[in-house]
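Colleague: I would like to go through some labels in this model and hear what each one rests on.
Modeller: Go ahead.

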Amino acid sequence: MGLRCILAPESESRKEWMLWMMERAGKKNSQNLSFQLWQQDNHPIELFDPKILHQKLDYIHNNPVEAGIVENPEAYLYSSARDYYGLPGLIDVLLVEPMVE
């Protein structure tokens with residue numbers, strides 16, 4: 001959802017709150033002119049072994065569940081979790097081999 005969609009009067013019931021949040025975030029970051037929608041920092045993590053790789057993959061797959069968007073990771077249409085459950089995904093994915101304990 002872009003700023004243009006939020007600004008349209010009938011499209012979003014939380015319009016004022018969302019604009020306030022994005023403006024507040026924008027003022028905290030000197031790289032912005034007004035609004036900020038996405039985080040601009042990152043903290044790269046080296047995926048140096050299969051355990052760390054699977055931990056991060058599980059975390060990514062569970063984000064829509066934690067956000068209350070879906071009940072199960074594979075139910076989120078835009079997630080590669082679908083591929084791991086044998087469901088069709090939106091793009092081709094190279095699956096990571098399962099960990100052998």
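Colleague: What makes Glu23 and Lys27 a salt bridge?
Modeller: A salt bridge is a side-chain nitrogen of Lys or Arg within 4 Å of a carboxyl oxygen of Asp or Glu. The closest N and O atoms of Glu23 and Lys27 are 3.7 Å apart, so the pair meets that definition. The structure holds 1 salt bridge.

Colleague: What is the basis for these values?
Modeller: The model is predicted: local features need pLDDT of at least 70, side-chain atom pairs count only at pLDDT 80 or more, and totals for chains, interfaces and linings use all residues. Residues are numbered from 1 along each chain as its sequence is written, and side-chain values use heavy atoms, with hydrogens and water left out.

Colleague: Where do Glu23 and Lys27 lie?
Modeller: Both are in helix α2 (residues 15-28), 4 residues apart, about one turn of the helix. Helices are DSSP runs of H or I with at least four residues, numbered from the N terminus.

Colleague: Why is Glu23 called partly exposed, and why is Lys27 called exposed?
Modeller: Buried means under 20% relative accessible area, exposed over 50%, and partly exposed in between, with a 1.4 Å probe and protein chains only. Glu23 has 34% relative accessibility and therefore counts as partly exposed. Lys27 has 65%, so Lys27 is exposed.

Colleague: Why does His61 count as buried?
Modeller: Because its relative accessibility is 7%. His61 lies in helix α3 (residues 50-66).

Colleague: How do you know that His61 and Ser80 make a polar contact?
Modeller: Their side chains are joined at 2.7 Å. The term requires a pair of N or O atoms within 3.5 Å; within protein, one must be able to donate a hydrogen and the other to accept it, and residues adjacent in sequence count only if both atoms are side-chain atoms. Not counting residues up to four places away in sequence, His61 touches Pro73, Ser79, Ser80, Ala81 and Tyr84, where contact means heavy atoms within 4.5 Å.

Colleague: Why is Lys56 called partly exposed?
Modeller: Its relative accessible area is 28%, so Lys56 is partly exposed. Lys56 is also in helix α3. Leaving aside neighbours within four places in sequence, Lys56 is in contact with Ile45 and Leu47.

Conventions
Helix = DSSP H or I, 4+ residues; strand = E, 2+ residues; numbered from the N terminus.
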